[in-house]
Amino acid sequence: MISSIIDGFKKASTTIKITIDILRYIFSLERLSVTAIFFLCTLEATLPFLSLWLAKYIVDVLTMPEQATDPNTFLNFLIGFVGIGILAQVCATFGQTLREGVGQKIESHSEVSLLKKVNSFSEITIFENPEFYNHLRNATEGSGRRFVGVIEIMISATRSLLMLGGSVAILGGVHWSLGVIVLVGMLPHSLVTFWINGFKAQVFRAQAHDTREQRYYASVLTSQETAKEVRAFHLGSFFLDKYQEAFSRVYDRSQRFRQRALKVGIVSGGLSGAVSAGVFSWIALQAYNGFLTVGDAVLYIGLLPQAMRTLSLVLGQLASFQLVSLHVKHFFDFLKLELPHNVNEIAENFQSKDTSTGYEFRNVSFKYPGADRPAIENVSFTIEPGEKVAVVGRNGAGKSTLVKLMLRLYQPDAGVILLDGIPLKEYASEDLRKKTSVVFQDFAKFYLTIRDNIALGDLSKDQKDWIESAAQKAQVDDFANELPQGYDTLLGKHFDGGVELSGGQWQRISLARAFARDADLIVLDEPSSALDPIAESHLYERFRDLTNDKSALFITHRLGSVRLADKIIVLNDGKIVGIGSHNELMAAEGDYAVLFRTQAENYADGIFE
Ligand SMILES: Nc1ncnc2c1ncn2[C@@H]1O[C@H](COP(=O)(O)OP(=O)(O)O)[C@@H](O)[C@H]1O
Ligand SMILES: [Mg+2]
């Protein structure tokens, strides 16, 4: 009992904190409009009282002709009544329009706040940490439309509270017991509404897994990524059945809840009906016996449903506010989130050097969050300015991880990575990103035009000829010029009129993007994986020219191309097991020599083209 009271208080104080956060946030964004909205909302709550009060006077005049009233006064009452009626409608319409407009703005403001925050994390660890990712998803749910929904509940709860306070105060003015009876009589039904809303939230949470499953199956049947397998393996009815099963579970749970709510609702609803009818009769009786004028009776009877309805409305709104405001809490918590690792975006004292001395890995070790063994272990090497370095090794050896560390998408757990003699973590992100260009193994496809896709490589440059020259280096011009709209062709099937490319063509686009950037170092992580052998050999033949005086690091499985490198790093299980030129490594008779001979034999046997 006590613990549930404490729990209730805790919940209430959280709700109050969130309310304050929300108010602060929306006032900081749209001070004037939000003030206007709350003003209109107060007006909307007050006008019904005024019109009921005027109605009372009008009825009194009509029912008591013996008390002569000045016809002008009577006319004024009527004019006032009509005026209030018009004003109420105008206020409602005006308020609605204002709320929609402000709502739309706040919807996007809150999303932008969230997106900016996500973008401020310069590492990608956050996307691979399930805890963070959940946090992000919850925060996303609490931003945008949901956020506006919460504000709407706040406004209508304010209105209901004002109306409730007003009606109870006036009824209590007739006789104090009337105010009490109305409040107490309505309480059971209101509490039931409150309880039902709270319980609904629990059911909703319990449903989350099944609903997600349902949505997942639906997406399998409707998304482009799965469309091929679903048809080739004839999986349609399998996923439809899965969908139906998940839906049945959701429906059964909701139905059980509805039945329980129905039973309690009938009892409490009946009770509130009885109270309402009882108070009505009492007022009528008072008027009949001459203790109240007919006008008073009209006023009180008019207030009665208002008082009754608003109490359960207020409690219902509070319950849903408490529920949905939790999502908004995630949103605010997320905005306040500081990651221990997140490097300073503006490294204040940092001065990047004019003279380039290249990259250095010094005893670097790194373990992915949650992994049980390191992906990179005690790795040391250098990339001199202008040097072309190849990294080879089996799948899972740690090659891509090396790239991610080099770009500071992760921070090493031990050791240090230096660029021009300065530890990476001291660089401002922007400075650091300027110095490197990369094609990731799992590169991104942007659903933009070819031109824009390449321009992303360096947004600071004026877009002109350099886009096409980067395109030529990456052999994008071969296919771009054949498309009807050339470089202005929209890529991907995401938007109308988009053209889908092959994996290799997409990779060439991302290669062009990397060439577009005038960086000191260019990193290619298995660019050949999606390129055909001819495109690949072209790429490597021209690689020295393409990268000219820049440093380059490339990862490939095709050892024929590796020979062109100044230095080869052989990785195995996260450790360097060989480092040197092709000739040196062959002479050392280590892993590299074995790998190389196996591939050479396979080529000779015609296994590889
Ligand atoms: N995001 C990740 N989270 C956890 N482990 C990862 C992640 N990416 C890679 N790994 C693991 O780290 C090791 C090295 O992976 P990676 O660098 O991608 O290898 P390579 O590029 O040489 O094939 C592998 O054991 C892999 O399973
Ligand atoms: Mg890899």
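1. Contacts along the chain. In this predicted model, residues 24 or more positions apart account for 74% of the contacts with a separation of 6 or more. Contact here means heavy atoms within 4.5 Å.

2. Basis of the note. The model is predicted, and local features therefore need pLDDT of at least 70, side-chain atom pairs count only at pLDDT 80 or more, and totals for chains, interfaces and linings use all residues. Residues are numbered from 1 along each chain as its sequence is written, chains are lettered from A and ligands numbered from 1 in the order in which they are written, and side-chain values use heavy atoms, with hydrogens and water left out.

3. Secondary structure and overall form. The protein has 20 helices and 10 strands; these are DSSP runs numbered from the N terminus, with helices being H or I of at least four residues and strands being E of at least two. The radius of gyration is 35 Å, well over the 25 Å that the globule rule gives for 609 residues, so the protein is more spread out than a compact globule. That radius is taken over C-alpha atoms, and the globule rule is 2.2 Å times the number of residues to the power 0.38. The C-alpha trace spans about 120 × 50 × 50 Å along its principal axes.

4. Surface and burial. Of the 609 residues, 43% count as buried. Buried means under 20% relative accessible area, exposed means over 50%, and partly exposed lies in between (1.4 Å probe, protein chains only).

5. Charges. The protein has 60 positive and 67 negative charges, and their mean positions are 7 Å apart. Lys and Arg count as positive and Asp and Glu as negative, while His and the chain ends are not counted. Each charge is placed at NZ of Lys, CZ of Arg, CG of Asp or CD of Glu.

6. The magnesium ion. Which protein atoms are donors of ligand 2? They are OG of S400 and OE1 of Q441, lying 2.1 Å from the magnesium ion. The pair links distant parts of the chain, 41 residues apart: S400 belongs to helix α10 (residues 399-406), whereas Q441 is in the loop between β6 (436-439) and α12 (450-455). Donors are N, O and S atoms within 2.8 Å of the metal (3.2 Å for Na, K and Ca); water is not among the atoms, so sites may look incomplete. Q441 is partly exposed, at a relative accessible area of 34%.

7. S272 lies in helix α8 (residues 236-288) and counts as buried at 11% relative accessibility. Not counting residues up to four places away in sequence, S272 touches G185, M186, H189 and M308. I181 lies in helix α6 (residues 176-222) and is partly exposed at 40%. Leaving aside neighbours within four places, I181 is in contact with M186, V275 and V279. The C-alpha atoms of I181 and V279, 98 residues apart along the chain, are separated by 8.0 Å. S281, also in helix α8, is partly exposed at 39%.

8. Positive phi values. Most residues other than glycine have a negative phi. R408 has a positive phi, near 60°, and is placed in the loop between α10 and β4 (414-419). Is R408 buried or exposed? R408 is buried, with a relative accessible area of 1%. D573 has a positive phi near 50°; this residue lies in the loop between β9 (567-572) and β10 (575-580) and is partly exposed at 43%.
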